[in-house]
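Visitor: Could you show me how to read helix packing and nonpolar cores in a model like this?

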Amino acid sequence: MKLAVVGATGLVGSEILEVLEEHQFPFDELLLVASERSAGKKMTFKGKEYTVIGLKQAVSEKPDVAIFSAGGSTSLEWAPQFAEVGTIVIDNSSAWRMDPSKKLVVPEINAKDLRIDDRIIANPNCSTIQMVLALNPLRLKYGIKRIVVSTYQSVTGTGKAAVDQMMAERAGVPAEMVYPHKIDLNVLPHIDVFQPNGYTKEEMKMINETKKIFGDNSIQVTATTVRIPTMGGHSEAVNVEFHNDFDLNEVRAILSNTPGVIVQDDPANNVYPMPLTAHKKDEVFVGRLRRDESQPNTLNMWIVADNLRKGAATNAVQIAEYLMEHSMA
């Protein structure tokens, strides 16, 4: 197994390396790959020093699997070149997610749809992953009619420069502006670019990706995505209308028995999911479970996950693990 991590020097790339180590992912050879300007840089993984290589050299090495976290334009240009030499690409960008010829995979939900000839596999948007993982077992039990989601997303979702902006503002020193406004002590109802319909690209990702992952275009989804000055994870207030009625205790039991989901729902003792406690965890945390008393068959829930983990690195590594377990890589 020859494994490449493309974008190894970035925030998600470093998280991928952490997850690979924690999961004891088996490989014989590891290639750390980045842009040409980072080529030659030294990095240490599991006590061994590696030299970062460029994309052209990485393609010539013909890795078995390449986990990409290098941005959409890089993925569009280079993922097909890796695929042409037989590499399976697991891509973290938005480049391939809505391509009808590419699978959009959350392993616990739809890895079974992967085939041996899938050479480019898309990792969903971070905010989509945590929501669909928590909703999927409830969808299978009650059927989903409509989802209304509002997100509260960490600055880490934008990258290191956004973290630097927030921390500089917090320290009262000049900051390079990644966002159009100050982020510290502020809230921006604006993630990615605005579309002609008034939604942002991030909101449309959640809408379209949810339908694709569930394989159900009849599910109605509307989203408002918001950037807040936190680190550690993304939070979501989700209001989901089911086709059939539900019992709250049964909902808790279903979620408690769902792999990758942890229920934290004891409001009397101030127990509920938070980014601070989800940080560096692979699981999706769910709480504030309660019936929407304004209409039938509708549940309110609060979903939190580390966006760099299950929202990106962990999900990608889990896809690679699935491919190996099923002798597809």
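The conversation below takes up the cores and then a pair of helices.

Guide: This is a predicted model, in which local features need pLDDT of at least 70 and side-chain atom pairs count only at pLDDT 80 or more, while totals for chains, interfaces and linings use all residues. Residues are numbered from 1 along each chain as its sequence is written, and side-chain values use heavy atoms, with hydrogens and water left out.

Visitor: Which residues touch the most other members of the largest nonpolar core?

Guide: In soluble globular proteins, nonpolar side chains tend to be buried together. A nonpolar core is a set of buried Ala, Val, Leu, Ile, Met, Phe, Trp, Tyr and Cys residues joined through side-chain atoms within 4.5 Å, buried meaning under 20% relative accessible area with a 1.4 Å probe and protein chains only. Here the largest core has 54 residues, and those touching the most other members are Phe82, Leu135, Leu138, Ile147, Val286, Leu299 and Met301. A second, separate core of 35 residues includes Met43, Tyr50, Val317 and Met328.

Visitor: How do α5 and α10 pack, and at what angle?

Guide: Two packed helices are described by the angle between their axes and the distance between the axes. For α5 and helix α10 (residues 309-325), the angle is about 85 degrees and the axes lie 8 Å apart, the axes being lines fitted to C-alpha atoms over the stretch in contact, with angles running from 0 to 180 degrees between N-to-C directions. That makes α5 roughly perpendicular to α10, a term covering 65 to 115 degrees. Cys126, Ile129 and Leu133 in α5 meet Lys310, Gly311 and Asn315 in α10, where contact means heavy atoms within 4.5 Å.

Key
Buried < 20%, exposed > 50% of the residue type's maximum accessible area, 1.4 Å probe, protein only. Helix = DSSP H or I, 4+ residues; strand = E, 2+ residues; numbered from the N terminus. Parallel < 35°, antiparallel > 145°, perpendicular 65-115°, else oblique.
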